Amino acid sequence: MELLALLLSSVFTVAGSGGTVLDFVAQDLLRDRIRSAEQLEVRIDNTPNYQILSGNLDRLRLAGRGVEVLPDLRIQTLELETDPISIEPSSLRRGRPRLRRPLAAAFRVVVRAEDLNRALQSPRIQRQLQRLVRGLSGAGSQLVNPQIQFLGNNRIRLQGSLQTPATNVTASLEVTVQPQQGSRLQLLNPVLSLGDQTVPASLYRGFLDGLSQQYDLRRFQAQGITARLLQLNSSPGQLEIIAYARTERLP
C-alpha cells in the first residue's frame with residue numbers, strides 16, 4: 001500500500017495536467033521516488049479529465065519491469081490496477097492523502113529465482129533468514145550460501161550449507177506452497193534433508209505451521225487493510241503472485 005500511496009501522491013501532484021500528459025508526468029514523478037525501474041508505465045483513466053481536480057479517478061494502472069521498490073529485491077514484473085478512487089483534495093496539500101471512500105486494488109507480481117537469490121545475500125535479508133534457520137536448527141546454526149529454486153507446481157526448494165557448532169552439512173528444505181483461505185500460505189509435504197539423511201517431518205512440522213501463522217495477512221486488518229492472496233504459481237525459474245487489497249486509509 002505504500003507504493004500505491006506514493007503513486008497517488010504523484011498523480012494528484014500534477015492534477016492540472018490532462019490525458020497522456022498526466023500519464024507521463026506521473027511516471028516521471030514515480031520513477032524519481034522509487035529506487036529503480038527498467039520500464040515503468042502509468043495509465044490514468046478519467047472521464048471527464050477535470051474530475052481529478054475534485055479528487056476523483058476512474059481507474060489507475062501501473063506496469064513495471066525490473067522494479068526495485070524494496071532494497072536489494074528486484075521484481076521482474078509489477079502490475080497494479082485500482083477500482084475508482086476518491087481522495088479529499090485538501091489532504092494532498094498537507095502531504096497526507098485521505099480517502100473519501102475505501103480504495104481497492106489488484107496486484108500481480110513476478111519474481112525470478114536469480115533476483116531472489118541475489119537478495120538472499122544482502123545483510124538485511126540474511127539477518128531475517130538466519131533467525132528462521134536458528135528457529136529450525138537451534139542456536140548457533142547458520143545457513144551459508146542460501147539458494148532458492150522454483151520447481152513448478154508450487155514446489156519450492158531452499159538449500160545451502162548448514163553450519164552448527166558440531167557439523168557442516170548440505171541442507172535442503174523442499175515444500176509445496178498453497179494459499180489458504182486467501183490469508184496465509186500453507187506449507188505442504190515438506191522434505192528436509194541434512195547431507196544424505198532425511199529428517200522426520202514430525203520434528204519440524206510445528207515450526208513450519210507457526211511460520212505460516214506468523215505471516216497471516218489478517219494481521220493487517222488492525223491497520224484498516226484487507227489483503228487477500230488470490231493465486232500463487234511457481235514455474236521453473238520464477239514465482240507469480242496475484243493479490244487483492246482494500247484499505248480505508250492510506251499510509
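Which residue does the side chain of Arg 74 meet in a salt bridge? I started my notebook with that search. The partner is Asp 115, at 2.8 Å from N to O. I note that this is a predicted model.

**Entry 1: Arg 74 and Asp 115**

I looked up where the two residues sit. Arg 74 is in the loop between strand E3 (59-68) and E4, while Asp 115 belongs to helix H4 (residues 113-119). They are 41 residues apart, and the pair links distant parts of the chain. I then checked their burial. Both Arg 74 and Asp 115 are buried.

**Entry 2: Arg 155 and Glu 174**

Next I looked up another charged pair. Arg 155 and Glu 174 form a salt bridge, and their closest N and O atoms are 3.0 Å apart. Arg 155 is in strand E8 (residues 155-163) and Glu 174 is in strand E9 (residues 168-180), so this pair ties together parts 19 residues apart in sequence. Is Arg 155 buried or exposed? Its relative accessible area is 14%. Buried means under 20%, so I wrote down Arg 155 as buried.

**Entry 3: Asp 216 and Arg 218**

I went on to a third pair. The side chains of Asp 216 and Arg 218 meet in a salt bridge, at 2.7 Å from N to O. Asp 216 is buried, with a relative accessible area of 9%. Arg 218 has 40% and is partly exposed.

Then I followed shared partners. One network of salt bridges joins Glu 38, Arg 74, Arg 112, Glu 114, Asp 115 and Arg 118. My opening pair, Arg 74 and Asp 115, is in that network. How many salt bridges does the structure hold? I found 16.

**Entry 4: Thr 77**

Thr 77 lies in strand E4, which covers residues 75-82. Its relative accessible area is 16%. The cut-off for buried is under 20%, so Thr 77 counts as buried. Which residues touch Thr 77, leaving aside neighbours within four places in sequence? I listed Gly 64, Arg 108, Val 109 and Val 110.

**Entry 5: Gly 224**

I looked up a loop residue next. Gly 224 sits in the loop between helix H6 (205-214) and strand E12 (225-235). This glycine is buried, at 12% relative accessible area. I left aside its neighbours within four places in sequence and found contacts with Arg 246, Thr 247, Glu 248 and Arg 249. I also went back to Asp 115. The C-alpha atoms of Gly 224 and Asp 115 are separated by 31 Å, and the two residues are 109 apart along the chain.

**Entry 6: the whole chain**

I finished with the overall figures. The chain has six helices and 13 strands. Its C-alpha atoms fill a box of roughly 70 × 35 × 30 Å along the principal axes. How much of the chain counts as buried? I found 43% of the 251 residues.

Residues 24 or more positions apart account for 49% of them.

Surface came next. The chain exposes about 13,300 Å², and carbon and sulfur atoms supply 50% of that area.

I found 30 positive and 22 negative side chains. The centres of the two sets lie 6 Å apart.

How values were computed
Residues numbered from 1 in each chain as written. Predicted model: local features only at pLDDT ≥ 70, side-chain atom pairs only at ≥ 80, totals over all residues. Heavy atoms only, no water. Helix = DSSP H or I, 4+ residues; strand = E, 2+ residues; numbered from the N terminus. Buried < 20%, exposed > 50% of the residue type's maximum accessible area, 1.4 Å probe, protein only. Contact = heavy atoms within 4.5 Å. Salt bridge = Lys/Arg side-chain N within 4 Å of Asp/Glu carboxyl O. Areas by Shrake-Rupley, 256 points an atom, 1.4 Å probe, with all protein chains shown as cover. Lys, Arg positive; Asp, Glu negative; His and termini not counted. Charge placed at Lys NZ, Arg CZ, Asp CG, Glu CD.
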